[in-house]
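Trainee: I would like to go through this structure with you. Could you put it up, please?

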Amino acid sequence: MDFLVILLIIIIVFVIACVKVVPQAEAYVVERIGSYYETWHNGLHIKLPFIDRVSQRVTLKEVVKDFVPQPVITKDNVTMQIDTVVYYQITDPKLYTYGVENPIIAIENLTATTLRNLIGDLELDETLTSRDIINAKMRAILDEATDPWGIKVNRVEVKNIIPPRDIQEAMEKQMRAERERREKILQAEGEKKSSILIAEGEKESAILRAEASRESQIRVAEGEAEALLKLRQAEAEGIRLLREAKADKSVLALKSFEALTNVANGQATKIIIPSELQNIAALATTAGEMFKDPKNGNHPQA
């Protein structure tokens, strides 16, 4: 009875050992009596005991492999360190298993040699500015080379480019000098624009002052012309009124005397009276005699 129980337990263990469940995104390479038999994908599978064995468990996910920096020499004999990142995916588990020994090491070595060949045709400046070109060429070369291994290279990225220390210092000095040059150019352009704006401001200010002075002179001249015109109009109106009133010669003489009196109010020290006005004095004397008081000789009070 105990023997049957032991035998049953052994059978159950063998059955369990022969049942395999392949997870999603994985594949099992199965050999039968030492030869490739088939590839199991996700799901439930049963193998024959002592005859079938799982030779390789392969992941079908995209794998990211970061390789250590590799020393490379540029066309102008500058040694630098470059490390790359390779994104690859296994498309054929059988070829991956039997195509090459240590596929990851093979990809790393292939990446290093390809990188040296590409960088050897470029100078330092081209290497620093041509990352996209290097990535595209490396991806195409690696994808073609790894196709017999059941591997597809999806992407290759140059992660870091590390030139020698003296080259880095020289590049930093060059960049510093370039920044200083740009700063001086910007400063000179700013001063130039400032000078232009100041000159334009002074020009506009001078133009405005000149226009203001011209406008002031025009207004003064217009005012004087208008005043003179009104004066002449008043004189013409006065003459017209005298003519309408039929003023005699005595009135005209008095008007002339009043004009002479206005002239005398000025700063002149001498006044020349025309001979035609001599009769005015006599006329004034006569008028004075007529208004004298006969008793005291004074003029009568108004």
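Trainee: Is D143 buried or exposed?
Mentor: D143 counts as buried because its relative accessibility is 18%, where buried means under 20% relative accessible area, exposed over 50%, and partly exposed in between (1.4 Å probe, protein chains only). Please note that this is a predicted model, in which local features need pLDDT of at least 70, side-chain atom pairs count only at pLDDT 80 or more, and totals for chains, interfaces and linings use all residues. Residues are numbered from 1 along each chain as its sequence is written, and side-chain values use heavy atoms, with hydrogens and water left out.

Trainee: Which element holds D143, and what does D143 touch?
Mentor: D143 lies in helix α5; helices (H or I, at least four residues) and strands (E, at least two) are DSSP runs, numbered from the N terminus. Setting aside residues up to four places away in sequence, D143 touches I151, K152 and V153, contact being heavy atoms within 4.5 Å.

Trainee: With which side chain does D143 meet in a salt bridge at 3.8 Å?
Mentor: The partner is R139, at 3.8 Å from N to O. A salt bridge here is a side-chain nitrogen of Lys or Arg within 4 Å of a carboxyl oxygen of Asp or Glu. R139 and D143 are both in helix α5, four residues apart, about one turn of the helix. R139 counts as partly exposed, because its relative accessibility is 29%. A network of salt bridges links R139, D143 and K152.

Trainee: How many salt bridges does the structure hold?
Mentor: There are nine. One of them joins the side chains of R32 and D52, at 2.5 Å from N to O. This pair links distant parts of the chain, with R32 in strand β2 (residues 26-32) and D52 in strand β5 (residues 52-59), 20 residues apart.

Trainee: Changing topic, how many residues does the largest nonpolar core have?
Mentor: The largest nonpolar core has 28 residues, and I82, V86 and I134 have the most contacts inside it. Such a core is a set of buried Ala, Val, Leu, Ile, Met, Phe, Trp, Tyr and Cys residues joined through side-chain atoms within 4.5 Å. Two or more residues each come from β8 (79-90), α3 (103-119), α5 (131-146) and β9 (151-162). Helix α3 gives the most to this core, with six residues. Another core, of five residues, lies apart from it and includes Y28, V30, W40 and V54.

Trainee: And which residues form the nonpolar patch on the surface?
Mentor: F3, L4, L7, I11, V15, V19, V21, L44 and I46 form the patch, with about 900 Å² of accessible area together. Patches are made of residues with over 30% relative accessible area and no salt bridge, like charges being joined within 9 Å and nonpolar side chains (Val, Leu, Ile, Met, Phe, Trp, Tyr) within 5 Å. Accessible areas come from the Shrake-Rupley method with a 1.4 Å probe; for residues, only the protein chains shown count as cover.

Trainee: Which element supplies the largest share of the patch?
Mentor: That is α1, with five residues. V15 lies in helix α1 and counts as partly exposed, because its relative accessibility is 47%.
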